[in-house]
Amino acid sequence: ELTPLHYIPGFKIERYLGNYNFFFIRESTSLREVGGQGGFMQMFVAEVMANVRANVASLGGNGLVSYRMNQCVLMCNPHKNQSQCLINVSGDAVVVAPEESFPIVVEPLRKNSDSPVT
């Protein structure tokens, strides 16, 4: 789980594994082939997220709280079919576990004269 919150709803933090702070750089000389500037950015951000998840998992964690994309610098030269991007990602790697289940209270549906349900 990646979340900008300092906790993951429905889970409790069991162990703090440390601060996560990485820079990712991607360059492409085939901008048109990857769908232009938008396709390049979408593919790069997806790769960054997958890499973040893999790095947290390699630390033994299953969550990254206080996730921030602090910096994103995109330089594009479409005439030369080139683009470069730098992304900085930070957060706190943690091990989370589901909280104790809360009792679920189910109330019977009340019939209301205004309700279309009979």
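The largest nonpolar core of this predicted model has 16 residues, and those that touch the most other members are Tyr20, Phe24, Val48, Val52, Leu64 and Val89. Four elements, β1, α1 (36-58), β2 and β3, each supply at least two residues of this core. The largest share comes from α1, which gives six residues.

Setting aside its neighbours within four places in sequence, Tyr20 is in contact with Asn51, Val52, Asn55, Val56, Leu64, Val89, Ser90 and Gly91. Three residues in that list, Val52, Leu64 and Val89, are also among the core members that touch the most others.

The strands come next, with β3 as the place to begin. Strand β3 covers residues 82-98, and twelve of its 17 residues are buried, so the strand is mostly covered, where buried means under 20% relative accessible area.

Strand β3 pairs with β1 (residues 11-28) through 16 bridges, and the two run antiparallel.

Val73 has Leu86 of β3 as its bridge partner. The strands β2 and β3 form a hairpin, with four residues between them. In the turn of this hairpin, Asn81 has a positive phi of about 65°.

Conventions: Residues numbered from 1 in each chain as written. Predicted model: local features only at pLDDT ≥ 70, side-chain atom pairs only at ≥ 80, totals over all residues. Heavy atoms only, no water. Buried < 20%, exposed > 50% of the residue type's maximum accessible area, 1.4 Å probe, protein only. Pairing = 2+ DSSP bridges. Core = buried A, V, L, I, M, F, W, Y, C linked by side-chain atoms within 4.5 Å. Contact = heavy atoms within 4.5 Å.
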